[in-house]
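Q: I'd like to learn how to read a fold feature by feature. Could you walk me through one?

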Amino acid sequence: MTAEQPWSATSPWRAGRAVPVGARLGLVLGAVSLVGLLAFGWPLLIAPGSVLASATTAPLVLGVVLAAALVVTLVAVSDGGLDVRAVAMLGLLSAVGALVRPIGSGTGGVETVFVLLVLGGRVFGAGFGFLLGVTTMVASALLTGGVGPWLPYQMLAAGWVGLGAGLLPERIGARRLRGVAELVLLAAYGAVASVGYGVVMNLAFWPFLAGTGTAISFVAGAPVLDNLGRFLAYSVVTSLPWDLLRALTTVVGIGLFGHAVLVTLRRAARRAVFIEQ
């Protein structure tokens, strides 16, 4: 593979992804992420006196997420990157994630499922990682009765976690990242993604939960930087310890189980002909 042919069908990079990200799928994921950012951050752009209602915005976000997942799936199928083997693997890992997530979930911020999202996205790629995050949150919510206005935001944020893991570099210079170096990279990403997940989830509900008239309250129509300052203060006061514990859990999980899980997933990928022998 040369620098001028990063997306050739025979390249090791493409062969190492269950849902290869070509030009079209890359554009779709970029557009989805942009719309998702607007879905999380739209309160910062509204006019003074506007009425906020999470009950009306959550269904809209759910529609965006479901439409995004459908478009990603259709483009992947159209490009020949999503076949029955990839669908089976996606279903299996989503089921595992749904079973793993309740373990510690909600206990001081512990979120064991982020280990699976990071490792799954790493092995099977960005497109697969996005779908894994979305489907895992849906399956988990249905299993535990956690369906609510927060679910579409969780689906989108978890999709970003898997997407980012799939975009991590395979090499640094001429050195292929494997072993301890790869685990360090994944653990560092997992820590950042865990905190980032908490931050964007805060942004989704901060305008409705912080009340009014306080130093951390959302003020409709205020300058964006002023509201961002209030939001950061809100995040530090309310959720930072939870986010840091989520990050610590992810780092420890990757450190303890990362090697074994990566080996297992890569072996499954080779047998499914996702990656070269």
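This is a predicted model: local features need pLDDT of at least 70, side-chain atom pairs count only at pLDDT 80 or more; totals for chains, interfaces and linings use all residues.

Q: Where does valine 184 sit?

A: Valine 184 belongs to helix α8.

Q: How do I read a nonpolar core?

A: The general idea is that in soluble globular proteins, nonpolar side chains tend to be buried together. Here, the largest nonpolar core has 60 residues, and Phe40, Leu93, Phe124 and Phe130 touch the most other members. Helix α8 (residues 180-209) supplies the largest share of this core, eleven residues.

Q: And which residues form a nonpolar patch on the surface?

A: That patch consists of Leu34, Leu37, Leu38, Leu45, Val224, Leu225 and Leu228, and together they have about 700 Å² of accessible area. Helices α2 (23-41) and α9 (224-238) are the elements that give two or more residues to the nonpolar patch.

Q: Take leucine 34: is this residue buried or exposed?

A: Leucine 34 counts as exposed because its relative accessibility is 53%, and the cut-off for exposed is over 50%. You'll find leucine 34 in helix α2.

Q: Now for charges. How should I think about salt bridges?

A: In general, side chains of opposite charge can pair when their charged atoms come close. In this model, a search of the whole structure turns up six salt bridges. One of the pairs is arginine 101 with glutamate 111, at 3.5 Å from N to O. Arginine 101 and glutamate 111 are both in the loop between α4 (84-100) and α5 (113-124), ten residues apart. Both of these residues are buried.

Q: Why do arginine 122 and glutamate 182 count as buried?

A: Arginine 122 counts as buried because its relative accessible area is 1%. Glutamate 182 gets the label because its relative accessibility is 2%. The cut-off for buried is under 20%.

Q: What about arginine 178 and glutamate 170?

A: The side chains of arginine 178 and glutamate 170 form a salt bridge at 3.3 Å, N to O. Salt bridges that share partners join Arg122, Glu170, Arg178, Glu182 and Arg266 into one network. Arginine 178 is partly exposed because its relative accessibility is 29%, whereas glutamate 170 is buried because its value is 16%.

Q: Which residues make up the positive surface patch?

A: The positive surface patch is formed by Arg171, Arg176, Arg267, Arg270 and Arg271. Helix α10 (residues 240-271) gives the most to it, with three residues. Arginine 270 is found in helix α10, and arginine 270 counts as partly exposed because its relative accessibility is 35%.

Q: Last topic: how do I spot residues that are apart in sequence but meet in space?

A: Compare the separation along the chain with the C-alpha distance. Glycine 121 and glycine 164 are 43 residues apart in sequence, with 7.6 Å between their C-alpha atoms. Glycine 121 is in helix α5 and is buried because its relative accessibility is 0%.

Q: What is the C-alpha separation of alanine 126 and leucine 168?

A: The C-alpha atoms of alanine 126 and leucine 168 are separated by 8.8 Å, and these residues are 42 residues apart along the chain. Alanine 126 lies in helix α6 (residues 126-144). Alanine 126 counts as buried because its relative accessible area is 2%.

Terms used. Residues are numbered from 1 along each chain as its sequence is written. Side-chain values use heavy atoms; hydrogens and water are left out. Patches are made of residues with over 30% relative accessible area and no salt bridge: like charges are joined within 9 Å, nonpolar side chains (Val, Leu, Ile, Met, Phe, Trp, Tyr) within 5 Å. Accessible areas come from the Shrake-Rupley method with a 1.4 Å probe; for residues, only the protein chains shown count as cover. A salt bridge is a side-chain nitrogen of Lys or Arg within 4 Å of a carboxyl oxygen of Asp or Glu. Lys and Arg count as positive and Asp and Glu as negative; His and the chain ends are not counted. The place of a charge is taken as NZ of Lys, CZ of Arg, CG of Asp or CD of Glu. Helices (H or I, at least four residues) and strands (E, at least two) are DSSP runs, numbered from the N terminus. Buried means under 20% relative accessible area, exposed over 50%, partly exposed in between (1.4 Å probe, protein chains only). A nonpolar core is a set of buried Ala, Val, Leu, Ile, Met, Phe, Trp, Tyr and Cys residues joined through side-chain atoms within 4.5 Å.
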